[in-house]
Amino acid sequence: MTERPSGMRSKVDWQSFLGKHDPLWTVKPVAWEEGAFIGNGRLGAMIYGEENRAGRGSLRFVLGSTEVTASAPDGVGPAIRVPIGELVLKLSGWIYQPLEIRLVLWDAEIRAELTTTRGKVRLRAFVHAVEPVVTVEYDTDEGEKDARLHWYPYPEIHPVHLQTDRDYVNPYTPPIVVERSEERGVSVGVQSYDREAEEGCVTAWQELTRRHTGGRDEVKELEDQDQEQKDQDQEDMEQEQGCRSSSEIGCTESRVCFLTVYRGVSSSARTEAIETVQKAVRSHWDSWLNVHRRWWHDYYPRSFLSIPDTRLEGFYWIQMYKLGSGMRSDSLVLDNQGPWLTSTPWPGLWFNMNVQMSYSPVYAANRLDLGQSLIRGLRKHKEQLVRNVPEHCRHDSAGLGRSGSYDLNIPVEEEVGNLTWLLHSVWRHYRCNLIDELLRDTLYPLLRRSVGYYLHLLEEEGDGQLHLPPTVSPEYGSFAKLKVADCHYDLALLRWGCETLLDACERLKIEDPLQEKWEDVLTRLAPYPTDETGFMIGRDVPLAFGHRHFSHLLAVFPLHLLRGEEPGERELILRSLRHWVAREGDLRGFTFTAAASIAASLGLGNEANAYLQTLLHMITPNTMYKEAGPVIETPLAAAEALHDMLLQSWDGTIRVFPAVPDAWRDCSFHDLRAEGAFLVSAVRRGGNTILVRIKSMAGEPCLVRTGWTGAVQAKTDNGIVALEPTEGVVRIALQAGEEALLFPDGEMPDFYIVPVADDPRMHHFYGGRKPWRLYGLPIE
């Protein structure tokens, strides 16, 4: 008799699970905020059509490259992102109905069937996961046999299209000179902004016919590719879940376009672009497609979560797709739009919130490789961070102003704490993997300098306390350029910085001559100003009007310096939170993501959920977000708020299901990453947590708050032992690589991690604009 296995195992049919959340369009998208988007961290495309009569026969692939920037005129100001043009599928007829455009999350591909007034077009498009190449494949019936793709550099985009896109005005678009040529069968378009500086970009593309017989590409295969490898690639494709044969779009012949964009206008940029296209053209099609899909099929299962709110669950997984499309470990720092640039007043990096919030979901989602892009940017430009502070401080300080370009040449003015907050993101990265090299070589020296700049500003007053001079609390009174002494934003970041440096010294066994100074700051630093409404912006400055930023609440979130555990502290936090969101005025989407995370830190699941539901009303049909222009951080921060409802791990304690709404009776998650380098999985059924798995990656002390009362059973390789919680916290001894299954008193349940029951009416909720959705109503 075979012994019945017991414990926790993941059993997710990823293709089916993600498939129900695929964004779906049954009506043609006609704007950036409705479009289907693809990307690989460097290149991207937003795909939509045109409602104007002159453009009804066009499907636009509006291209974006995170690397293409132009210097500001006269060298004043940072280099900014520049629009680069588009690839347009021009059809004989007008795009009509019925049609279907589906963003297949599992394969990171657009698949579409378009009906026109002349015929039909079937299409597939993706940005290759590991090569900087946009790939578009399409076939047509007889009525649309003349359909072709056309490349338009930005100056040549049809005026009708530009009018559609210009809801917002770029602060500057340089004069662009366009040159076209053909080299070695590859079409080349060079857009020059400044020839002397070699600024601009090269676009290269080639379109060809691909014939299919027996699942093989007869036209363009590598002549020297080993046949055994070809056969293995084909076998991999057939076995890969969700992958069909090379003729899967239902034709014997199709057209394929490979396109790339490179920064610069030099001969080397031109050569690289041409060779990149030629490599794609020579590649065996199934191998090309399989490499792309394999990256994504490895990417998604790094973690899993499922909740009974199908709309919110789908939104979350689209954000995971967005993260994978928007950044890579070796990409530039994720800016305000990622690779989907459109007209915006913010074509760069903003460091008083945007970058930090954009990276926030990377850590718990166990996608730390994506976070390497931020660390890489800081390492590359660490000398510039020193030059950003006044010259007399450069011997021991560094800083980062509000906004600029990828070179981080952003001098510090009255907004002082941005680098310190950015380093909190790096600290989270470190705490989730505990690789001391990151702490020793990057985080510690930069944080030491960031705190060092604050030390230059501190002033001792008559009360014996250390105070900060007037600085800016981000986004409060911005137009009035309001500055405030003892600004909460800066007090919180300075306190966090000193505490973290002392922790780092202990971790790295460093005797730093500044340790006594940091300890003195923690002892004598002025307290956070408060009044009857809660936390104030700073000394003598209450929160008197609508404030979209949570800069006056940073000590609560995301720094977790105040946790609601001391007498009166919880009431103070709650009073501050509710006063903040109750003020009419300048509230925005990210207001509600932060509010949800703060409510979750207090264990208020219903309130956290209410804030997220409010946010969803502000999200565009394709899950992007707009204010005075498009910005990417808000939907990504909403994914982090959902993490906070399911798992928290600040202050050295793992909290499992700490803020689950009453309506979420069933939830599950697998391999979310907690600080201390733990992978955590858990299942909740009927409103009760039934099983928790903790896997240690670094052998750190493990403290877990499960919500169970009484003894907790823990199964490890050494058997089952009973653990008695202390004030609700269970302590487990785990070595690196070991794991424990926790369950309440009684027999250990046998359970798979699987998706919870969903609402079929909420499948494919995102994509096209669907304001008529009667979700939540008891309609059969």
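I started with Cys702, which stands opposite Ile732 in β34. The model is a predicted one, in which local features need pLDDT of at least 70 and side-chain atom pairs count only at pLDDT 80 or more, while totals for chains, interfaces and linings use all residues. Residues are numbered from 1 along each chain as its sequence is written, and side-chain values use heavy atoms, with hydrogens and water left out.

I then looked up the strands (DSSP runs of E, at least two residues, numbered from the N terminus). Strand β31, residues 702–705, runs antiparallel to β34 and is joined to it by four bridges; two strands pair if DSSP finds at least two bridges between them. I noted an open sheet of four strands with mixed pairing, in the order β26-β27-β31-β34. Because β26 (647–648) and β34 (729–732) each have a single partner strand, they stand at the edges, and one side of each is left without a neighbour in the sheet.

Next I turned to aromatic pairs (rings of Phe, Tyr and Trp, its six-membered ring, with centres within 6.5 Å; planes under 30 degrees apart count as stacked, over 60 as edge-to-face and the rest as tilted), and the structure holds 31 of them. Trp151 lies in strand β13 (residues 148–152) and Trp205 in strand β16 (residues 199–213), 54 residues apart, which links distant parts of the chain.
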